[in-house]
Amino acid sequence: MAFEFAKRLQQLPPYLFVEIDRAKRQALDAGRDIIDLGVGDPDTPTPQPIIEALYEAAQDSSTHHYALDAGMPQLREAIAAWFERRFGVRLDPAKEILPLIGSKEGIAHLPFAFLNPGDVSLVPDPCYPPYRNATILAGGEPWPIPLDAARQFLPDLHGIPGEILKRSKLLFLNYPNNPTAATADLPFFERAVAFARTHRLMLCQDAAYSEMTYDGYRAPSILQVPGAKDVAIEFHSLSKTFNMTGWRIGWACGNAEILAGLAKVKSNVDSGIFVAVQRAGIAALSLPAEHLERMRQLYVGRRDRFVDRLAVAGWQVPRPRATFYIWSPLPSGFASSAACCRWLLDEADIVATPGNGFGVAGEGYVRMTLTVSAERLEAAADRIAKALAKRPRASRSSVPS
Ligand SMILES: *Cc1c(COP(=O)(O)O)cnc(C)c1O
């Protein structure tokens, strides 16, 4: 029997990582020693106190039942306390915080709450794919706003055509940014909030990497902008901050009406976060600051050793001050992101992600993650050095990238 996917699924853009995934599997099956810089998933374990909190909570049979959809009051209060400590912003735990089964869950459900056919979501290009794909699944139209290196990967909001703006309801932002590793300062968030107010947009800022910042830089929250709660929500996640990608817990906070719409969708789709995971989340949010410092030092060390060694190899890549991504223009002589990633895999046994997988404006870039040890990153840089040295002179110099 042939069962055809619904039109909304058929409308999703093709998955651009298919070819690289297949090639990676083949290489692994052939027993090659692959260094995988493709996945954005911390390689180090969840901190022990969080695991212990889960273990203890799982022994308590009162956690084995349906959770309240809305999330435990204690979790909301722990989030509010963390948010005020971190950003100096007070949130009403009952109305301005909505726990999520990972922030991706909330990001993907939000368009179902607010988009009608013909409505537009403004999404950065390149971007984390759910902003675009969830808009399509919900029957809306994504409109890409290019992120250019010349503008520090901040969107040119005033470049959006007026007729698109009239149909737009949602504006997605993501700083610190995946995949570009760009950061935004508070004045940018102030301009974005003013823009959203003028054009009656719901502003959705994804702060999944807010704590993964280096060199003394601290990322602001969009909710620090006075009046931001009138138009904005912000997504937060325990996944990257506490090495909890598999646990599925995060939250949205900010504008109460937007959260109420999202909560209504969720109440028809899921039945809440496992209570034991919620208790573990409370434990995570009360960990001492040293945990975050250790996490930052780990990635800074890896970043510096990788970037420095790549420079020796003849490839100058940017040194990000946030996230665990290296977002780099291709070494000279490569015709496309896909060709470069194919070459990295074939000639250096390295998996990297082609930039155009995040949107057409990502063409000409590759993304590499700092989620393997510093030793492996140096080995990767050395392999790249060898492979670059083997490239024929002509293709190294004459073909523009
Ligand atoms: C990893 C990531 C998330 C986190 O997703 P969870 O569902 O909370 O694990 C959200 N946004 C971006 C941009 C990410 O890279």
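A salt bridge here is a side-chain nitrogen of Lys or Arg within 4 Å of a carboxyl oxygen of Asp or Glu. By that rule, Glu211 and Arg296 are joined through their side chains, with 3.7 Å from N to O. The interface of domain 1 and domain 2 holds 2 salt bridges.

The model is predicted: local features need pLDDT of at least 70, side-chain atom pairs count only at pLDDT 80 or more, and totals for chains, interfaces and linings use all residues. Residues are numbered from 1 along each chain as its sequence is written, and side-chain values use heavy atoms, with hydrogens and water left out.

Domain bounds come from an automatic or database domain assignment. That assignment gives domain 1 as 12-41 + 290-391 and domain 2 as 48-287. Their C-alpha centres are 27 Å apart.

The table lists the residues in contact (heavy atoms within 4.5 Å) on each side.

| Side | Residues in contact with the other domain |
|---|---|
| Domain 1 | 26 residues |
| Domain 2 | 31 residues |

About 2600 Å² is buried between the domains, 62% of it on carbon and sulfur atoms. Buried area is the accessible area (1.4 Å probe) that two parts lose on being put together, summed over both.

On the side of domain 1 that touches domain 2, the elements giving two or more residues are α11 (290-313), β9 (325-329) and β12 (365-369). Of these, α11 gives the most, with 7 residues. Helices (H or I, at least four residues) and strands (E, at least two) are DSSP runs, numbered from the N terminus.
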